[in-house]
Amino acid sequence: MMTSVDTDLIRVLGDPLRLQIVTLLARETLCTTHLVEETGAKQTNLSNHLRVLREAGVVETEPCGRFTYYRLKPDVIEALAGQFAALAEAARVNADTKRACP
């Protein structure tokens, strides 16, 4: 059985600012204003990155008055970690498996 990792999610999380956002949201639920303060990114740039994270299912939103709060969806990160764990286990189990050259 071939073990694969969600490459779309890797691409989404591969951006340094998006990874920083995810790291911040792992600690607490934050609104855009907080994320601008924490990252130093422009609000429009941050909003675009949050949209990508939302569309990928990594974060969810919670409206609160005129603000929108963002929360990390831990199940998504946990599933990705599980995919990497399975990949590592496959490498461990097959460490001595070598295909012969023709």
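Start by selecting Gly57. It is buried, with a relative accessible area of 17%. Gly57 lies in the loop between H4 and strand E2 (59-64). Show its contacts, leaving out residues up to four places away in sequence: Gly57 touches Lys73 and Val76. Gly57 and His34 are 23 residues apart in sequence, and their C-alpha atoms are 21 Å apart in space.

**Colour by confidence**

Before going on, note that this is a predicted model. Colour by pLDDT. The protein averages 92, and 96% of the residues score at least 70. Among the elements, H2 has the highest mean pLDDT, 97. H1 has the lowest, 91.

**Helices H2 and H4**

Select residues 16-27 for helix H2 and residues 43-55 for helix H4. Their axes are 10 Å apart, and the packing angle is about 75 degrees. Angles from 65 to 115 degrees count as roughly perpendicular, and H2 and H4 are therefore roughly perpendicular to each other.

Show the side chains where the two helices meet. On the H2 side, pick Leu17, Arg18, Ile21 and Val22. On the H4 side, pick Asn45, Leu46, His49, Leu50, Val52 and Leu53. The residues of this contact divide into 7 nonpolar, 2 polar and 1 charged.

**The nonpolar core**

Next, select Ile21, Leu25, Leu35, Leu53 and Val58. The largest nonpolar core has 21 residues, and these five touch the most other members. Which elements each supply at least two residues of this core? They are helix H1 (7-13), H2, H4 and strand E3 (67-72). H2 gives the most, with 5 residues. In soluble globular proteins, nonpolar side chains tend to be buried together.

Centre on Leu35. Skip its neighbours within four places in sequence. Leu35 is then in contact with Ile21, Leu24, Leu25, Leu30, Gly40, Leu46 and Leu50. Ile21 in H2, and Leu46 and Leu50 in H4, also take part in the contact of the two helices.

**Leu30 in strand E1**

Move to Leu30, one of the contacts of Leu35. Leu30 sits in strand E1 (residues 30-31). Is Leu30 buried or exposed? At 5% relative accessibility, Leu30 counts as buried. Hide the neighbours within four places in sequence. What remains in contact with Leu30 is Leu24, Leu25, Leu35, Thr68, Tyr69 and Tyr70.

**Thr32 in helix H3**

Select Thr32. It is placed in helix H3 (residues 32-39). Thr32 is buried, with a relative accessible area of 15%. Which residues does Thr32 touch, not counting those up to four places away in sequence? They are Gln43, Leu46, Ser47, Leu50, Thr68 and Tyr70.

**Val12 in helix H1**

Go to Val12, found in helix H1. Val12 is buried, with a relative accessible area of 3%. Leave out residues up to four places away in sequence, and Val12 touches Arg18, Val52, Leu53 and Ala56. Arg18, Val52 and Leu53 also belong to the meeting of H2 with H4. Draw a C-alpha distance from Val12 to Ala56. The separation is 7.4 Å, for two residues 44 apart along the chain.

**Last stop: Ala79 in helix H5**

Finish in helix H5 (residues 74-93), where Ala79 is found. How accessible is Ala79? Ala79 is partly exposed, with a relative accessible area of 40%. Ala79 and Asn48 are 31 residues apart in sequence and 24 Å apart in space, C-alpha to C-alpha.

Definitions and conventions. Residues are numbered from 1 along each chain as its sequence is written. This is a predicted model: local features need pLDDT of at least 70, side-chain atom pairs count only at pLDDT 80 or more; totals for chains, interfaces and linings use all residues. Side-chain values use heavy atoms; hydrogens and water are left out. Axes are lines fitted to C-alpha atoms, for helices over the stretch in contact, and angles run from 0 to 180 degrees between N-to-C directions. Helices (H or I, at least four residues) and strands (E, at least two) are DSSP runs, numbered from the N terminus. Angles under 35 degrees count as roughly parallel, over 145 as roughly antiparallel, 65 to 115 as roughly perpendicular and the rest as oblique. Contact means heavy atoms within 4.5 Å. Ala, Val, Leu, Ile, Met, Phe, Trp, Tyr, Cys and Pro count as nonpolar, Asp, Glu, Lys and Arg as charged, and the others, Gly among them, as polar. A nonpolar core is a set of buried Ala, Val, Leu, Ile, Met, Phe, Trp, Tyr and Cys residues joined through side-chain atoms within 4.5 Å. Buried means under 20% relative accessible area, exposed over 50%, partly exposed in between (1.4 Å probe, protein chains only). pLDDT is the predictor's confidence in each residue, from 0 to 100.
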